[in-house]
Amino acid sequence: KSKDGYRTVKIDPRIASQKRSLEKYLSDEGQALYKKRSHVAETYQGDLKYNGRFTHYYLRGLRKVSIESKIHDIVWNIRRIFSETIQGGIAWTT
């Protein structure tokens, strides 16, 4: 309640941009793009979360979390290299 007895209604200024984004997402082109994006992101994140048992950060602070995340990325990439090498996908030469 306000002091004069009337309610004040405010409209969120982001509604117009949210509506445009939703329309873009619901289009055929937007759906194709989203499916492509979600597959790439989900593969990496799902692998870290379930196979790497990385469900939360163990450190606090932006700098420490950033370092921890980079370590997980490095380990994930090294694991990919070894799995490709074992399957014969990468030929190592010296």
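## A first tour

Guide: The protein has three helices and zero strands; helices (H or I, at least four residues) and strands (E, at least two) are DSSP runs, numbered from the N terminus. This is a predicted model, where local features need pLDDT of at least 70, side-chain atom pairs count only at pLDDT 80 or more, and totals for chains, interfaces and linings use all residues. Residues are numbered from 1 along each chain as its sequence is written, and side-chain values use heavy atoms, with hydrogens and water left out.

Visitor: In which helix is confidence highest?

Guide: We go by pLDDT, the predictor's confidence in each residue, from 0 to 100. The protein averages 80, and 84% of the residues score at least 70. Helix α2 (residues 28-51) has the lowest confidence, with a mean of 76, while the highest, at 92, belongs to α1.

Visitor: What share of the residues count as buried?

Guide: Buried means under 20% relative accessible area, exposed over 50%, and partly exposed in between (1.4 Å probe, protein chains only). Going through the 94 residues of the protein, the share that counts as buried is 11%.

Visitor: Why does E68 count as buried?

Guide: E68 is found in helix α3, where V65 and W76 are buried too. Y58 is ten residues from E68 in sequence, and their C-alpha atoms are 8.2 Å apart in space. E68 counts as buried because its relative accessible area is 8%.

Visitor: How far does helix α3 reach from its first C-alpha to its last?

Guide: Helix α3 covers residues 62-86, which is 25 residues. The expected span of a helix is 1.5 Å times one less than its number of residues. Here that expectation is 36 Å, and the helix comes close to it, reaching 36 Å.

Visitor: Which aromatic pair does the search find, and is it stacked or edge-to-face?

Guide: A search of the whole structure turns up one aromatic pair, made by Y25 and Y34, with 5.3 Å centre to centre and 90° between the planes. Rings of Phe, Tyr and Trp (its six-membered ring) pair if their centres lie within 6.5 Å; planes under 30 degrees apart count as stacked, over 60 as edge-to-face and the rest as tilted. Y25 is partly exposed at 34%, and Y34 is partly exposed at 40%. So the pair of Y25 and Y34 is edge-to-face.

Visitor: Which residue forms a salt bridge with R14?

Guide: A salt bridge is a side-chain nitrogen of Lys or Arg within 4 Å of a carboxyl oxygen of Asp or Glu, and the whole structure has one. R14 is exposed at 52% relative accessibility, whereas D12 is partly exposed at 28%. The closest N and O atoms are 3.0 Å apart, and the partner of R14 is D12.

Visitor: Which helix gives the nonpolar patch its largest share?

Guide: The patch is about 400 Å² and is made by L22, Y25, L26 and Y34. Patches are made of residues with over 30% relative accessible area and no salt bridge: like charges are joined within 9 Å, nonpolar side chains (Val, Leu, Ile, Met, Phe, Trp, Tyr) within 5 Å. L26 is exposed, with a relative accessible area of 54%. The largest share, three residues, comes from helix α1.

Terms used
Areas by Shrake-Rupley, 256 points an atom, 1.4 Å probe, with all protein chains shown as cover.
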